[in-house]
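This report covers the ligand sites of one protein model. Please view the sequence and structure first.

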Amino acid sequence: MPARLSDAFKSHPLNLQLKHPDFNSLHELPDSYAWTNNDDHYPSSLSSFGVDDSVPVIDLSEPNALKLTGHACKTWGVFQVTNHGIPQKLLDDIESAGKSLFSLPVEQKLKAARPPDGISGYGFARISSFFRKLMWSEGFTIVGSPVDHFRQLWPQDYEKFCNIIEEYEKEMKRLAGRLMWLMLGSLGISPEDVKWAGSKGEFKGASAALQLNSYPACPEPDRAMGLAAHTDSTLLTILYQNNTSGLQVLRDGTGWVTVPPMAGALVVNVGDLIHILSNGVYPSVLHRAVVNRTQHRLSIAYLFGPPASVQISPLSKLVGPSHPPLYRPITWNEYLGTKAKHFNKALSSVRLCAPLSSSADVNDHNSVKVV
Ligand SMILES: C=C1C[C@]23C[C@@]1(O)CC[C@H]2[C@@]12CCC[C@@](C)(C(=O)O1)[C@H]2[C@@H]3C(=O)O
Ligand SMILES: O=C(O)CCC(=O)C(=O)O
Ligand SMILES: [Fe+2]
């Protein structure tokens with residue numbers, strides 16, 4: 001039987017033994033949540049105040065969308081899209097489903113806790129084990145059907161919430177396929193070059209995870225961290241954020257740049273697997289979420305990847321004598337296991353050789369110190 005995404009962590013269980021707090025009852029920042037200057041990626045470090053450098057916004061109905069996408073992937077690794085075709089009503093529905101989930105009592109949410117060796121359910125971010133301090137957030141991951149967990153959360157209304165998730169995943173999958181061809185097309189790659197994309201290039205067998213993130217208002221936002229700096233272990237990620245800012249991307253030479261919430265727009269991140277497929281031409285983007293004193297923030301990430309057991313390696317059209325393959329072949333499941341072990345050094349752990357040109361692979365995050 002081919003590997004399933006839900007099995008990715010079977011051999012990498014996460015035994016956090018942490019107590020899930022009721023954030024609303026915390027009026028002071030507990031020491032376990034207070035990041036200091038010694039902690040890697042301290043929240044207020046390196047911010048790019050006053051720098052006029054903003055994340056590209058691409059109108060997908062424009063004829064030059066392909067060229068703009070290629071440029072954004074090469075120079076930023078992140079962009080926002082408008083005219084993406086996702087109905088506003090669906091975005092509103094998923095936002096209220098997320099709000100409803102995170103406002104349940106802690107004991108209720110814990111009935112749907114993510115098991116240590118599982119992928120789906122409620123809990124701390126998987127990357128929490130790499131840090132001495134806790135993150136000011138809670139998450140809920142959905143891979144496959146959410147019905148068992150949702151029945152625990154909302155015994156009466158679970159079907160309504162399952163339908164929203166199903167519809168959202170269907171729409172996101174279609175958009176992810178479209179974005180993949182904008183990214184790959186801008187590299188001169190066509191559907192015949194990517195066998196696992198299917199005969200029509202529709203990415204039928206693709207796998208995906210949906211991650212709902214909640215960042216409660218925080219009494220001391222400057223000392224807290226919502227979600228620590230990381231790259232996504234995906235081909236690409238499509239992120240919906242509510243009207244509260246918090247997402248920041250690390251920009252070479254500039255520092256942390258905020259991705260401002262734009263009504264109706266969606267954020268697209270280049271993930272580690274596009275980094276590998278493109279042989280480092282489209283580097284994955286290091287990003288994090290910071291928190292604020294007054295507003296609750298919610299984000300919903302659609303983490304899109306290949307079929308779980310397909311080998312991903314630099315595309316043959318992009319390698320040659322002057323561009324040797326920089327990464328060894330790896331499946332998505334294996335990469336998630338590597339990330340669980342090496343975190344921000346996962347990409348360099350699958351690297352074959354140093355790039356010949358200094359422009360390739362600028363964002364390999366080799367220098368990120370793991371605590
Ligand atoms: C497919 C996945 C990517 C992810 C781990 C996961 O199994 C599902 C959640 C994803 C997420 C979202 C928040 C940040 C992140 C680093 C994490 O801890 O869980 C990512 C993981 C990833 O991209 O490596
Ligand atoms: O909340 C955000 O803006 C970032 C979320 C994120 O990076 C993720 O879910 O991978
Ligand atoms: Fe992310």
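## Ligand 2 site

By residue class, the shell around ligand 2 holds 5 nonpolar, 5 polar and 2 charged residues. The model is predicted. The shell residues are Gln211, Asn213, Tyr215, Leu227, His230, Asp232, Leu239, Leu247, His287, Arg297, Ser299 and Ala301.

Polar side-chain atoms reach the oxygen atoms of ligand 2. Tyr215 places a polar side-chain atom 2.6 Å from an oxygen atom of ligand 2. For Ser299, a polar side-chain atom lies 2.7 Å from an oxygen atom of ligand 2. The side chain of Arg297 has an N or O atom 2.8 Å from an oxygen atom of this ligand. On its own, ligand 2 has 290 Å² of accessible area, and the protein covers 95% of it.

## Iron site

Which protein residues are the donors of the iron ion, ligand 3? They are His230 through NE2, Asp232 through OD and His287 through NE2. These donors lie 2.1 to 2.2 Å from the iron ion. Their spacing in sequence reads H-x1-D-x54-H. The two histidines link distant parts of the chain: His230 sits in strand 6 (residues 227-230), His287 in strand 11 (residues 287-289), and 57 residues separate them. His230, Asp232 and His287 are also listed among the residues around ligand 2.

## Ligand 1 site

Ligand 1 has 15 residues around it. Phe9, Ile119, Arg126, Ile127 and Ser233 come nearest. By class, this shell has 8 nonpolar, 4 polar and 3 charged residues. Strand 5 (207-215) and helix 7 (332-342) each supply at least two of the shell residues. Helix 7 gives the most, with 3 residues.

A polar side-chain atom of Ser233 is 2.5 Å from an oxygen atom of ligand 1. For Arg126, the atom involved is a backbone N or O, and it lies 3.2 Å from an oxygen atom of the ligand. Ile127 also uses its backbone: a polar atom there is 3.4 Å from an oxygen atom of ligand 1. Taken alone, ligand 1 exposes 460 Å², of which the protein buries 95%.

Strand 5 contributes at least two residues to the shell around ligand 1. How many of the 9 residues of strand 5 are buried? The count is 8, so the strand is mostly covered, buried being under 20% relative accessible area.

Strand 5 pairs with strand 4 (residues 138-142) in the antiparallel sense, over 5 bridges. Strand 5 also pairs with strand 12 in the antiparallel sense, here over 9 bridges. Ser214 of strand 5 takes part in both pairings: Glu138 stands opposite Ser214, and Leu298 is the bridge partner of Ser214 in strand 12.

Methods:
Residues numbered from 1 in each chain as written. Chains lettered and ligands numbered in written order. Predicted model: local features only at pLDDT ≥ 70, side-chain atom pairs only at ≥ 80, totals over all residues. Heavy atoms only, no water. Near = heavy atom within 4 Å. Polar contact = N/O pair within 3.5 Å; in protein donor to acceptor, adjacent residues only side chain to side chain. Areas by Shrake-Rupley, 256 points an atom, 1.4 Å probe, with all protein chains shown as cover. Helix = DSSP H or I, 4+ residues; strand = E, 2+ residues; numbered from the N terminus. Nonpolar A, V, L, I, M, F, W, Y, C, P; charged D, E, K, R; others polar. Donors = N, O, S within 2.8 Å, 3.2 Å for Na, K, Ca; no water. Buried < 20%, exposed > 50% of the residue type's maximum accessible area, 1.4 Å probe, protein only. Pairing = 2+ DSSP bridges.
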